[in-house]
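Let's take a look at this one together, starting with charged pairs and then moving on to nonpolar packing and the annotated spans.

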Amino acid sequence: MAAGLKTIIALSFVLAIGFLLVILSSALWHKYWPLLVVGIYVVAPLPNWICQRCANPDDFMDSSSNSAMDFGRFMTGFLVLTGIALPVILAHSGAIEIPAMIMSIFGGLLIYGTIISFSMFFQEQEEF
């Protein structure tokens, strides 16, 4: 499936909405703790990408261990869960308001979803 200009425009629009929600969740209530979610969701795909490069699966050996890939998926899942749990904990402790929590979670998920969609649409296929 070839990704074109329409895909880039759509992903950019969704990414802009995600950033807008996170920034508004901080700016409307003058408490800037929800901005930590942006950093978490930007860093979240990195362990998966790094461990995928380190795994280097060999076509001739099917019995190779995927422990590096499993660790990368675990760390990515941990960071995504942290991005969801951090606003919930901040709202529970009273550091941010409930609407700011909701906006921050939805904005963060849009940011992470855009990063994952971009990597899926624009990954290079390896040929032999």
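Which kind of interaction do the side chains of D70 and R73 meet in? They meet in a salt bridge, with N and O 4.0 Å apart. Keep in mind that this is a predicted model, so treat the distance as a computed value. The two residues sit three places apart in helix α4, so about one helical turn separates D70 from R73. D70 is partly exposed, at 46% relative accessible area.

In total, the structure holds two salt bridges. The other one pairs E97 with K31, and here the closest N and O atoms are 3.9 Å apart. How accessible are the two partners, E97 and K31? E97 is partly exposed at 36%, and K31 is partly exposed as well, at 30%.

Here are the two pairs side by side:

| Salt bridge | N to O distance |
|---|---|
| D70 and R73 | 4.0 Å |
| E97 and K31 | 3.9 Å |

As a general point, side chains of opposite charge can pair when their charged atoms come close.

Now for the nonpolar side. The largest nonpolar core has ten residues: V22, V37, V38, I40, Y41, A44, L79, V80, I111 and Y112. Helices α2 (36-43), α4 (67-93) and α5 (98-121) each give two or more residues to this core. Which of the elements gives the most? That's α2, with four residues.

A44 is a handy spot to look at the packing up close. Leaving aside residues up to four places away in sequence, A44 touches T76, L79, V80 and Y112.

Finally, the annotation. An unreviewed UniProt entry places the feature "transmembrane region" at residues 7-26, 32-50, 71-92 and 98-122. What does the model show over residues 7-26? That span is 100% helix and 0% strand, and its end C-alpha atoms lie 29 Å apart. Residues 98-122 come out at 96% helix and 0% strand, with the end C-alpha atoms 36 Å apart.

Key
Residues numbered from 1 in each chain as written. Predicted model: local features only at pLDDT ≥ 70, side-chain atom pairs only at ≥ 80, totals over all residues. Heavy atoms only, no water. Core = buried A, V, L, I, M, F, W, Y, C linked by side-chain atoms within 4.5 Å. Buried < 20%, exposed > 50% of the residue type's maximum accessible area, 1.4 Å probe, protein only. Contact = heavy atoms within 4.5 Å. UniProt positions renumbered as here; feature names shortened; annotations may be inferred.
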